[in-house]
Amino acid sequence: MDDSVQVCCSRCRNVFRERARRMQSGYSRQCPCCEVVLFFEETSPDKNIKRAMTSARALRKVLREMEAAGGPSKVKAVPRARRSY
């Protein structure tokens with residue numbers, strides 16, 4: 001299951017993905033397109049931030065329930081080999 005949620009930038013309307021486990025109240029992230037800093041708060045007046053926080057909270061709940069039920073364990077990604085030119 002993908003553990004990220006979509007975030008819409010308030011300034012440039014660019015949509016990017018951020019991990020739900022990181023998006024707690026007080027978290028900040030820079031938009032990859034316009035580089036404005038977005039602050040993630042539950043009480044934010046911005047509807048895009050509220051929507052992302054609500055989605056992140058719901059996704060974290062689902063992930064906790066899957067872990068408690070003995071769902072699939074996380075498999076660590078194998079690092080890619082560096083190319084030597």
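**Just past the helix**

Start by selecting G70: this glycine comes after helix α1, and its phi is positive, near 80°. Keep in mind as you click around that you are looking at a predicted model.

**Along the helix**

Now step back and select residues 47-68, which make up α1. Its 22 residues reach 32 Å from the first C-alpha to the last, close to the 32 Å expected at 1.5 Å a residue.

Which residues of α1 are buried? Color N48, I49, A52, M53, A56, L59, R60 and L63, and you have them. Because they cover an arc of only 135° around the axis, they sit on the same side of α1. Next, pick K47 and A68: these exposed residues are on the face of α1 turned away from its buried side.

Zoom in on the start of α1 and show the side chain of D46. One of its side-chain oxygens comes to within 3.2 Å of the backbone nitrogen of N48.

**Over to the strands**

What do the buried residues of α1 pack against? Show β1 and β4 (37-40) to see their partners.

Stay with β1, residues 4-8, where 4 of the 5 residues are buried. To find one of the pairings, select S4 in β1 and then R19, its bridge partner in β2.

Last stop: the hairpin formed by β1 and β2, with 6 residues between the strands. Click on R13 in the turn, which has a positive phi of about 65°.

Terms used:
Residues are numbered from 1 along each chain as its sequence is written. This is a predicted model: local features need pLDDT of at least 70, side-chain atom pairs count only at pLDDT 80 or more; totals for chains, interfaces and linings use all residues. Side-chain values use heavy atoms; hydrogens and water are left out. Buried means under 20% relative accessible area, exposed over 50%, partly exposed in between (1.4 Å probe, protein chains only). Helices (H or I, at least four residues) and strands (E, at least two) are DSSP runs, numbered from the N terminus. Two strands pair if DSSP finds at least two bridges between them. The expected span of a helix is 1.5 Å times one less than its number of residues. The arc is that of the directions from the helix axis to the C-beta atoms. Contact means heavy atoms within 4.5 Å. A polar contact is a pair of N or O atoms within 3.5 Å; within protein, one must be able to donate a hydrogen and the other to accept it, and residues adjacent in sequence count only if both atoms are side-chain atoms.
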